[in-house]
Amino acid sequence: MTDLFLNNLMSILPECIPAEVYKHARVCFLDYLACTLAGAKFFSEKSNEYLDALGGEIGKASVLGLGRKATMQTAALINGLNAHVVELDDGHRKGALHVGATVFSALLPVAEKEGLSAQDLLYGAIIGYETTIRLACAVQPGNKLRGYHATGTCGTVGAAMGIATALHFDFDQMKSALSAAVTSAAGVLEMQEDNADLKPLNVGRAAMDAVSAAYLGKARFKAPNDALGGKRGFFKVMTDEPKTQYVTDFAGTSEKMMIEQAYMKSYASCRHTHPAIECALQIRKKDGFRLDAVDSIVIRTYKLAVSGHDHAEILGVSSAKMSMPYSVAVALVTGNAGLDEFSETYVGNTEILALAKKVSVVADDEFTALCPSKRAASMEVVCGEKIYSARVDYPKGEPENPLTDEELNQKFRALCGLDADVAEKIVKMVMKEDFAVENLVSICN
């Protein structure tokens, strides 16, 4: 099975990829830069302390937003942490994982070291997304039900394949890199509990291990025959019922490349909360609706969105980002659910916290049956004798309801923390030019 998967991946030649796919890869890269630069501020003190503990400026790879250098693996780790911490990075609904945060965090330090062109970087990213999402679709929902975070498990392999592709490995090198990534794949969802900081580590560690796996492949360490389909391989370990058609039959499982199916995020919380947030934003605008009249709120959604996301006891920012009751409450009170609304200021707001305690989250059979083709939610808000309701099937940013170019540019400018002229220069470079990675990174810092 591993050989077949690799042959399928390697048959996607750079010159055969449509121009619109490369354009979408540029959009994903710009979105990644926005999230990572924002996250660098969030984790700056801890990241700098971690770098200092490792010996300071050891290495030549850039840590985005900190203006510091590190080894390739350490830069991939910290950039991956920062890319995910603000919960605004892209993902894929069927794979139930984030993608760009891992793929680009792994690719960027390699691109710096190897002097890769923008074309090679984007080609690697396209294959990295293809690998990551196909593996995730093959192991879900079993991977999540076992407690794994597919961003870590599948992301490690996908990011390694992205690097291997960008460096134009031959078949044996690709197989070695994939196998090394398979045995490195890890990440558990318990890291999102109890206001912990370590959920983004699943991203950072996957990026770091992908770099190591890729260079093991480059050195031609001998691989087992079938790291994916072997009797103790990836599919046996990661799920009970693998959908292996996602790795064996590319034509039969998707009409578009996987990177085109990634969603972009507008709200700074777990993607499972977004349909409910948009229900709240709709209800907030209804004639006669008053916050002070709310008696109760019931959210109905798919089963996988309930566990781990139905808590109304908010322990801090990380806890709020995982909470559907908080996300809905802050959207109803403020009319937004962006980065500011998931800051300490709002997380400690008594009005929002009191409203969150009026929210119930219920698994609905209809929505569960629709998942993962749709991640839908409905909401009923009881205000005395009046009931306000809304339903959302495709929250903003899904391929069926995409962000506009202007909305994406606004997101970058809002998150990057750079002067307007510098931000505009980066947008122009990423979206229109054959940029030099080293120059781009320098401008970001």
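The model is predicted: local features need pLDDT of at least 70, side-chain atom pairs count only at pLDDT 80 or more, and totals for chains, interfaces and linings use all residues. Residues are numbered from 1 along each chain as its sequence is written, and side-chain values use heavy atoms, with hydrogens and water left out. Helices (H or I, at least four residues) and strands (E, at least two) are DSSP runs, numbered from the N terminus.

**Aromatic pairs**

- A search of the whole structure finds 10 aromatic pairs. Rings of Phe, Tyr and Trp (its six-membered ring) pair if their centres lie within 6.5 Å; planes under 30 degrees apart count as stacked, over 60 as edge-to-face and the rest as tilted.
- Phe 29 and Phe 104 form a tilted pair, because their ring centres are 5.0 Å apart and their planes stand at 35 degrees. This pair links distant parts of the chain, with Phe 29 in helix H2 (residues 19-42) and Phe 104 in helix H5 (residues 100-114), 75 residues apart.
- Tyr 32 and Phe 104 are also paired: their ring centres are 5.6 Å apart and their planes are at 35 degrees, so this pair is tilted. Tyr 32 lies in helix H2 and Phe 104 in helix H5, so the pair ties together parts that are 72 residues apart in sequence.
- Phe 29 and Phe 104 are both buried, where buried means under 20% relative accessible area, exposed over 50% and partly exposed in between (1.4 Å probe, protein chains only). The relative accessibility of Phe 104 is 0%, and Tyr 32 is buried with a relative accessible area of 4%.
- Ring pairs join Phe 29, Tyr 32, Phe 104, Tyr 129 and Phe 435 into a cluster.

**Charges over rings**

- The charged end of Arg 134 sits over the ring of Phe 250, at 3.9 Å from the ring centre. A charge sits over a ring if NZ of Lys or CZ of Arg is within 6 Å of the ring centre and within 35 degrees of the ring normal.
- Arg 271 has its charged end over the ring of Tyr 263, 4.3 Å from the centre.

**Helix packing**

- Helix H14 (residues 274-284) packs against helix H16 (residues 324-334) at an angle of about 25 degrees, with axes 8 Å apart. Axes are lines fitted to C-alpha atoms, for helices over the stretch in contact, and angles run from 0 to 180 degrees between N-to-C directions.
- H14 and H16 are therefore roughly parallel; angles under 35 degrees count as roughly parallel, over 145 as roughly antiparallel, 65 to 115 as roughly perpendicular and the rest as oblique.
- The crossing of H14 and H16 is right-handed. A crossing is left-handed if the near helix is turned anticlockwise from the far one by less than a right angle, and right-handed if clockwise.
- Residues of H14 that meet H16 include Ala 276, Ile 277 and Leu 281, and those on the H16 side include Met 324, Val 328 and Leu 332.
- The axes of helix H21 (residues 420-432) and helix H22 (residues 437-444) come within 10 Å and cross at roughly 160 degrees. H21 and H22 are therefore roughly antiparallel, and their crossing is left-handed.
- Val 422, Lys 425, Ile 426, Met 429 and Val 430 in H21 meet Leu 440, Ile 443 and Cys 444 in H22.

**Single residues**

- Asp 90 is in the loop between helix H4 (72-85) and strand S3 (91-92), and counts as buried at 2% relative accessibility. Leaving aside neighbours within four places in sequence, Asp 90 is in contact (heavy atoms within 4.5 Å) with residues including Cys 28, Asp 31, Tyr 129 and Tyr 263.
- Pro 109 is in helix H5 and is buried, with a relative accessible area of 2%. Beyond neighbours within four places in sequence, Pro 109 is in contact with Ala 61, Met 72, Ala 75 and Ala 76.
- Thr 131 is in helix H6 (residues 118-139) and counts as buried at 0% relative accessibility. Thr 131 and Gly 158 are 27 residues apart in sequence, and their C-alpha atoms are 4.7 Å apart in space.
- Ser 318 is found in helix H15 (residues 317-321) and counts as buried at 19% relative accessibility.
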